[in-house]
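Open the model in your viewer and switch to a cartoon view. The stops below say what to select next and what is there.

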Amino acid sequence: MERVIVYVDGFNLYFGIIAKRWRRYLWLDLSALAASLLRPNQTLIATKHFTALVRADNQKVQRQSTFLQALEARGGVEIHYGRYQERLKQCHQCHSTWPEYEEKMTDVRLACMLVRDAYQDAFDTCLIISADADLQPPVEIVKQDFPQKRVIVAFPPKRDSYHLRNIVDEHFRIGRGWLSKCQLPDQVKKPDGYVLVRPAEWK
């Protein structure tokens, strides 16, 4: 069996779904999605989700926290965190200032993990859910140093990358069918008995 590790660029997937106005599909079972993308001769070794904890907007913080806890409760997904960095913005006309937050390190963590897993011979095929062109260098390293390993990219909805298309072994787009069939249950019970409920905004 061909060993596959799936790497999920959480923000690229999230904003792709939002761009399609498919908010109801955000309650996504990433382990089930990863398994659904495999072929009969493949076996899923790991699903690795790369994200960062949002800041400032309390409702977004709560929704994300509920979602990440649900993934952990269901199991089958490794969650790797970057961070949000505060940056002060200023209006050039009135000179008022306000904080903005930028996501940092998630794509770098994904890139590092991808290359490390290749060197540790952890997979035969890697499947990357992202359209981030910044992932071109690590993909090139894997392709150059391990030509026997396959690299596949699954583009999130409304996302594409010419640069990745041209260097991977295969690419395709994740459509509504995959997303709709891979939803978490409306209620997910944690090991301590607490019940997590799908956010109302995602119904």
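The model is a predicted one.

**Stop 1**

Select Arg21 first. Its phi is near 60°, a positive value in a residue that is not glycine. Is Arg21 buried or exposed? Arg21 has a relative accessible area of 75%, so it counts as exposed.

Now select Lys158, in the loop between S7 and H6. Lys158 also is not a glycine, and it has a positive phi of about 60°. Its relative accessible area is 52%; the cut-off for exposed is over 50%, so Lys158 is exposed.

**Stop 2: the sheet**

Show the strands S3, S2, S1, S6, S7 and S8, which form an open sheet in that order with parallel pairing. At its edges are strand S3 (78-81) and strand S8 (170-173), each of which pairs on one side only. On average, neighbouring strands of this sheet are turned by 20° against each other, direction ignored.

Zoom in on S1 (residues 2-9) and S2 (residues 42-51). How many bridges join this parallel pair? There are eight bridges between S1 and S2. To find a position on the pair, select Ile5, which stands opposite Ala46 in S2.

**Stop 3: the nonpolar cores**

Select Leu127 and Ile129. These two have the most contacts inside the largest nonpolar core, which has 33 residues. Two or more residues of this core come from each of S1, helix H1 (10-19), helix H2 (30-36), helix H3 (58-74), strand S6 (125-129) and strand S7 (150-155). H3 gives the most, with four residues.

Keep Ile129 selected and show its surroundings. With neighbours within four places in sequence left aside, its contacts include Val6, Val8, Leu13, Leu33, Leu37, Ala154 and Ile174. Tyr7 is another residue in contact with Ile129.

**Stop 4: helix H5**

Select residues 136-145, which make up helix H5. Which of its residues are buried? They are Pro138, Val139, Val142 and Lys143. These four cover an arc of only 135° around the axis, so they lie on the same side of H5. An α-helix has 3.6 residues a turn, so residues three or four places apart point the same way.

**Stop 5: Arg198**

Finish at Arg198, in the segment after strand S10 (195-197). Its relative accessibility is 10%; the limit for buried is under 20%, so Arg198 counts as buried.

The side chains of Arg198 and Gln183 are joined by a polar contact of 3.3 Å. At 3.1 Å, the Arg198 side chain reaches the backbone oxygen of Trp202. Leaving aside neighbours within four places in sequence, Arg198 is in contact with Arg24, Trp27, Gln183, Leu184, Asp186 and Lys203.

Methods
Residues numbered from 1 in each chain as written. Predicted model: local features only at pLDDT ≥ 70, side-chain atom pairs only at ≥ 80, totals over all residues. Heavy atoms only, no water. Pairing = 2+ DSSP bridges. Axes fitted to C-alpha atoms, helices over the stretch in contact; angles between N-to-C directions. Core = buried A, V, L, I, M, F, W, Y, C linked by side-chain atoms within 4.5 Å. Buried < 20%, exposed > 50% of the residue type's maximum accessible area, 1.4 Å probe, protein only. Contact = heavy atoms within 4.5 Å. Polar contact = N/O pair within 3.5 Å; in protein donor to acceptor, adjacent residues only side chain to side chain. Arc of directions from axis to C-beta.
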